[in-house]
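Morning, everyone. Please bring up the sequence and the model, and follow along with me.

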Amino acid sequence: MTTDILSDLDLTTKQLDRAHVFHSWSAQGALDPVVIAGGSGTTVWDHSGNRYLDFSSQLVNVNIGHQHPAVIQAIHDQASLLATIGPATANLARGEAAARIVRRAPAGFSKVFFTNGGADAIENAIRMARLHTGRDKVLSTYRSYHGNTGAAIVATGDWRRMPNEFARGHVHFFGPYLYRSEFWAESPEEESERALRHLERVIQSEGADGIAAILLESVPGTAGVLIPPPGYLAGVRALADRYGIMLILDEVMAGFGRTGRWFAFEGYDVVPDLIAFAKGVNSGYVPVGGVIISDEIAATFDDRVYPGGLTYSGHPLAAASIVGALDAMESEGIVDNARRVGDEVIGPALTALADRHGLIGEVRGEGVFWALELVADRESREPLPAAAMGAIKKGLVARGLLPFVQDNRIHVVPPCVVTDDEVAEAAEIYDDVLAEIGRDTP
């Protein structure tokens, strides 16, 4: 195709989008989305051939990278055999997918309930915990995001729950976040101890015998890539055990390689009762999510009907994509790559940026799951204002990098297959844009 025709395709794509597509979490009138026509690995491009390093992994879900041939082939093969079948049937692809997921879970987990994505995974985990315990309340943190369905959005702690608070039985508390501590802590150990004391007081004040579950992201993602301080998740597990409460860990964003481990919680001496997953399990090639259920909770429904289901639960194309993705991630050492590149390349590169730019208040993360917290003043830690963050996002895109910008942070979240050279290229782009914004910021 000629350059003019390709440019016309980009224009047509934008025109169709603006005319007919209603975007999430947005005021529709001001949108100007980037056109994406294709991708490979860590790179995407528009019809005209403008290329971008995808350091957002879209919505922190394309862990295996774009268009991985093993996943594409698995979907193709399954589509040729059987494109869809109902959830009441037994299907080989579905069973193989569940077996591979369980193989990565801790001992004592044998069953998987498949959903269409992360939000309905959270919905069903909450339902299971309530039915298993006979209790109602669910505790979750203010700094969290759990999805955009009824209970999931109310379990979310950030502003998005406020126009959507129609579900019952939800209570919020403050989790650990030493950089902006709610507890006047001066060390990670103090933050952990005081946050746990706060949580116990919330449990006691809400009435422990009415609390079904504590719901936590193993590593809060959209809230800021908040790495749990020493002992915190293990301490939450101990509180849950003390008061007979189920612990649900949300691994939707943090799971399947993002932290350099198959599950993020593996690094924090904790085993939950229910594990919600989605995103990285198949990198979003086909919509899918699910709940990995402890044997104790699964047994509750051996002789009792579980009152929940979805038409596309365990959809064969989604199941095949899981098998293709997890097998490729294992055989190609993709999770190990995420761990190595985080330890040896991303972490040092971002620390070097912080040494050069006073706008960076804190660097935190692991694997391919990092955040730069940007501040107008390092001493006061005043967040960099929205106008400056908007300019940063615009500058990154203009230089060929798709960023994940949230509040006053740049989340550095490339696919797990990212190379050292690609990290170096991205670091140069971050460096240039931060230098430019720094000159313009009083």
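Let's start with a pair. Ala276 has Val291 in β10 as its bridge partner. Keep in mind that this is a predicted model.

Now widen the view to the strands. β9 covers residues 274–277, and β10 covers residues 289–294. These two strands pair antiparallel, over four bridges. What about β8, residues 246–250? β8 runs parallel to β9, and three bridges join them. There, Leu249 stands opposite Ile275 in β9.

Next, the side chains of β9. Which way do they point? Leu274 and Ala276 point one way, while Ile275 and Phe277 point the other way. In a regular strand, side chains alternate between the two faces of the sheet. All four of these β9 residues are buried.

On to Ile214. Ile214 sits in strand β7, residues 211–217. Is Ile214 buried or exposed? Buried, because its relative accessibility is 0%, and the cut-off for buried is under 20%. Look at what Ile214 touches beyond four places away in sequence: the contacts include Leu139, Phe173, Leu199 and Val236. Met246, Leu247 and Ile248 are also among them. Now take Val138. Ile214 and Val138 are 76 residues apart in sequence, yet their C-alpha atoms are 5.8 Å apart in space.

Last stop, the surface. Find Met162 in the loop between α6 and β6. Met162 counts as exposed because its relative accessible area is 51%, and exposed means over 50%. Together with Trp25 and Trp159, Met162 makes a nonpolar surface patch of about 370 Å².

Technical notes:
Residues are numbered from 1 along each chain as its sequence is written. This is a predicted model: local features need pLDDT of at least 70, side-chain atom pairs count only at pLDDT 80 or more; totals for chains, interfaces and linings use all residues. Side-chain values use heavy atoms; hydrogens and water are left out. Buried means under 20% relative accessible area, exposed over 50%, partly exposed in between (1.4 Å probe, protein chains only). Two strands pair if DSSP finds at least two bridges between them. Patches are made of residues with over 30% relative accessible area and no salt bridge: like charges are joined within 9 Å, nonpolar side chains (Val, Leu, Ile, Met, Phe, Trp, Tyr) within 5 Å. Accessible areas come from the Shrake-Rupley method with a 1.4 Å probe; for residues, only the protein chains shown count as cover. A salt bridge is a side-chain nitrogen of Lys or Arg within 4 Å of a carboxyl oxygen of Asp or Glu. Contact means heavy atoms within 4.5 Å.
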